[in-house]
Amino acid sequence: ALELSPWPASVLPPPFDPCSVADSAPNSRTLLFLGRLSPEKNPHLALEALLHLPTDVRLILAGDGPLRDSVRQRVTQLGLDDRVELPGYLQGESKRAAFARASALVLPSTNEGLPLSVLEAAHAGLPVISADVGAIRETLPADSWFSVGPLHPQAIAEAIQRAWNAAHPHPQRARQSREAVQHHVPDAVAHRLWQWIGSWDD
């Protein structure tokens, strides 16, 4: 029989580029959705949550996907054309500008692992509003993550208000969030990869 020598197993965290985000705007009334416009991401719930928030609250709903046309139609149906921006897929300076304007990341997904947008939001100092899915709970500090369950527009709006009313001042929360995701920056992931490769000879 063929005998295989097992290599040591390791789970590497997903990397993200900290240069892709800018510090958030804690006093802003702008929310950010950043992700694929697909059914499991529930972009329509982010739209409908605006109906339960003051009329000065705006939403940048950034991304592309199969629900793009449906989302555009829903914005108009709900009378939110003056409160919702649909810039499409963001990268580079346009993504940095979106993070710089936002005060919270809204992620109404029903299925996630550890989304890149959550790591980016944490590095930018943004609180994250999401369901308890994937590794979000294990990754973010308690005062940077505001759980929604079950997922419906009013519950999302209430979680957004909790995030904005959180007791910890923005600089402290931002520092804790950045520290929590430091092992996801490329240099840290590369270091763990080399450590793992080096363990093959042990």
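Which residues are buried in helix 6? In this predicted model, they are Pro153, Ala155, Ile156, Ala157, Ala159, Ile160, Ala163 and Trp164, where buried means under 20% relative accessible area, exposed means over 50%, and partly exposed lies in between (1.4 Å probe, protein chains only). Helix 6 covers residues 153-164, and its 12 residues should span 16 Å at 1.5 Å a residue, which agrees with the 17 Å between its end C-alpha atoms; the expected span is 1.5 Å times one less than the number of residues.

Some conventions apply throughout. Residues are numbered from 1 along each chain as its sequence is written, and because the model is predicted, local features need pLDDT of at least 70 and side-chain atom pairs count only at pLDDT 80 or more, while totals for chains, interfaces and linings use all residues. Side-chain values use heavy atoms, with hydrogens and water left out.

The chain as a whole contains eight helices and six strands, these being DSSP runs numbered from the N terminus, with helices (H or I) of at least four residues and strands (E) of at least two. Read from the N terminus, the order of the elements is β-α-β-α-β-α-β-α-β-α-β-α-α-α. Of the 202 residues in the chain, 48% are buried, and the accessible surface comes to about 10,200 Å², with 53% of that area belonging to carbon and sulfur atoms; such areas come from the Shrake-Rupley method with a 1.4 Å probe, and for residues only the protein chains shown count as cover. Among contacts (heavy atoms within 4.5 Å) between residues at least 6 apart in sequence, 72% join residues at least 24 apart.

Strand 4, residues 104-107, is covered on both faces, with Ala104 and Val106 buried on one side and Leu105 and Leu107 buried on the other. Strand 4 runs parallel to strand 1 (residues 30-34), to which two bridges join it, and Ala104 is the bridge partner of Leu31; two strands pair if DSSP finds at least two bridges between them. Three bridges join strand 4 to strand 5 (residues 128-130), and these strands also run parallel, with Val106 standing opposite Ile129. Between strand 4 and strand 5 the chain passes through helix 4 (residues 116-124), in a β-α-β crossover that is right-handed, a term that applies if, with the strands pointing away from the viewer, the path from the first strand over the helix to the second runs clockwise.

Charged side chains provide another set of links. Side chains of opposite charge can pair when their charged atoms come close. A search of the whole structure finds 10 salt bridges, each defined as a side-chain nitrogen of Lys or Arg within 4 Å of a carboxyl oxygen of Asp or Glu. One of them joins Arg74 and Glu48 at 3.4 Å, N to O, and this pair links distant parts of the chain, since Arg74 lies in helix 2 (residues 68-77) and Glu48 in helix 1 (residues 43-49), 26 residues apart. Arg74 is partly exposed at a relative accessible area of 25%, whereas Glu48, at 19%, counts as buried.

Another salt bridge joins Arg58 to Glu85, with the closest N and O atoms 3.5 Å apart; Arg58 belongs to strand 2 (residues 58-62) and Glu85 to strand 3 (residues 84-88), 27 residues apart. Arg58 is partly exposed at 29% relative accessibility, and Glu85 is partly exposed at 24%. Arg137 and Asp132 also meet in a salt bridge, at 2.6 Å, N to O, and both count as partly exposed, Arg137 at 45% and Asp132 at 41%. Finally, salt bridges that share partners join Arg58, Glu85 and Arg101 into one network.
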